[in-house]
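Please examine the model shown below, and keep it in view while reading.

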Amino acid sequence: MVRDEPESTSPAPGAARPAAAPYIRDAWYVVHESAAVRRRPVSVTRFGRRLVLWRDAAGTIVIQEARCPHRGADLGLGRVVEGALECPYHGFRFNPAGACTLVPCQGKDWRAPASMKVPTYTVREEHGLIWLWWGDAREDYPPLPWLPRFPDEPARTSSGTLEWDIPLPLVLESAIDFHHVAFAHRRVMPGVGTLVDPFEVEREGDVIRSRGVIRKDDGQPYDGASGFPLELDVHFPGVIAGRFSPRITLFAAICPIDHDNTWMVFRYHMRLPVLAKLAAWLMVWAELKLVQPDDMRMGRSALACGRSPDPALSGCRAVPADANILQWYKLYRRRLAAQRGRDDEAPPAKRLPIAVGE
Ligand code: FES
Ligand SMILES: [Fe+2]
């Protein structure tokens with residue numbers, strides 16, 4: 001007798017983990033907060049590369065590959081001298097366009113070969129955030145994916161960052177998931193309802209808008225007042241603005257550190273007449289110390305159970321309350337199909353022009 005076995009969602013024992021999908025290209029990503037880069041250069045890992053962030057003589061942000069083209073030291077350990085980035089190892093200097101302007105051991109008048117340069121990225125600095133264009137150079141870059149839903153009011157805003165040992169798609173899922181709140185965050189929000197109703201998702205271009213109410217499943221139609229209303233906009237791939245009440249607005253942005261790890265920045269804005277900054281700080285504290293650890297636990301547990309960031313969501317069974325997540329994956333697959341054949345591991349210098357002075 002043949003039994004109709006449900007399809008297994010677990011990988012076969014010993015099966016190799018699926019290859020990581022390429023990074024989503026031709027998009028702006030927040031790679032750091034403006035406040036994190038002051039007089040000294042800072043190096044971070046994003047897109048699997050070591051990048052150095054620094055400010056030129058005018059205070060303009062510059063992002064370059066951190067690997068010194070001489071013998072590979074991390075330029076982020078160096079310093080900024082006369083508007084140029086000085087390598088900590090032998091003192092070679094690089095200007096904001098990436099050209100080597102000084103090789104001290106050869107003397108002031110020695111001209112370095114043109115190949116002695118650091119690849120430089122296209123960047124913007126707005127809303128207190130540093131944005132990097134990951135993708136092909138173009139004449140006109142699209143506007144930054146800032147979601148106007150988030151008020152730009154530093155006096156009522158606080159922020160924090162964290163790193164997840166989880167791939168970007170799974171981080172994104174948890175950030176826009178409405179119906180995990182009552183379970184994954186039970187200890188932080190006890191008594192939140194389990195039902196998501198009403199729930200509406202619409203997509204316009206790269207923006208996915210979700211509106212819903214998390215409420216008790218009391219068998220009654222929605223009365224228009226009870227429950228926990230939630231609004232979340234995602235600008236694909238990783239910029240999120242949410243509103244939890246007329247007073248609480250969240251902004252979050254995510255960026256891949258590499259294929260397995262993800263960086264995230266959170267900002268809370270509180271519409272309060274007094275102590276708004278303190279209230280926002282407390283929200284960020286709760287998010288980082290209480291809420292996100294719950295989400296990370298779920299993400300890690302899914303990975304341990306064989307879940308992968310597979311764009312096809314294979315092995316997953318979605319329900320209607322996952323509609324916004326499904327929309328995100330739809331865009332994800334579409335973008336990956338459009339960028340197929342372009343190797344995201346190729347040096348960006350081949351694709352990206354000098355950012356400064358463009
Ligand atoms: S490694 Fe940078 S100057 Fe030598
Ligand atoms: Fe969560």
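Is Arg149 buried, partly exposed or exposed? Arg149 has a relative accessible area of 25%, so it counts as partly exposed; buried means under 20% relative accessible area, exposed over 50%, and partly exposed in between, with a 1.4 Å probe and protein chains only. This is a predicted model, in which local features need pLDDT of at least 70 and side-chain atom pairs count only at pLDDT 80 or more, while totals for chains, interfaces and linings use all residues. Residues are numbered from 1 along each chain as its sequence is written, chains are lettered from A and ligands numbered from 1 in the order in which they are written, and side-chain values use heavy atoms, with hydrogens and water left out.

Arg149 takes part in a salt bridge with Glu231, and their closest N and O atoms are 2.7 Å apart. A salt bridge is a side-chain nitrogen of Lys or Arg within 4 Å of a carboxyl oxygen of Asp or Glu. Glu231 belongs to strand 14 (residues 228-235) and Arg149 to the loop between strand 10 (129-134) and strand 11 (157-164), so this pair ties together parts that are 82 residues apart in sequence. Helices (H or I, at least four residues) and strands (E, at least two) are DSSP runs, numbered from the N terminus. Glu231 is partly exposed, at 22% relative accessibility.

The structure holds 20 salt bridges. Another of them joins Glu173 and Arg307, with 2.6 Å between the closest N and O atoms. Here too distant parts of the chain are linked: Glu173 lies in helix 1 (residues 168-176) and Arg307 in the loop between helix 3 and helix 4 (323-338), 134 residues apart. Both Glu173 and Arg307 are buried. A further salt bridge brings together the side chains of Arg209 and Glu202, at 3.8 Å from N to O.

Attention may now turn to the pockets. On a 1 Å grid over the protein atoms alone, a pocket is an open set of points where a 1.4 Å probe fits, with protein on both sides within 12 Å along at least five of seven lines; lining residues have an atom within 4 Å of a point. The largest pocket has a volume of about 560 Å³, a volume being the space filled by probe spheres set on the points, which are joined across faces, edges and corners. Its lining has 22 residues, and Glu173, Asp177, Ala302, Arg307 and Ile325 lie nearest its centre. Helix 3 supplies the largest share of this lining, four residues.

The second largest pocket holds about 470 Å³ of space. Of its 25 lining residues, Met189, Phe244, Tyr268, Glu287 and Val291 are the closest to its centre. Helix 3 gives the most to this lining as well, with six residues.

Helix 3 (residues 276-304) also contains Trp281, which is partly exposed at a relative accessible area of 47%.
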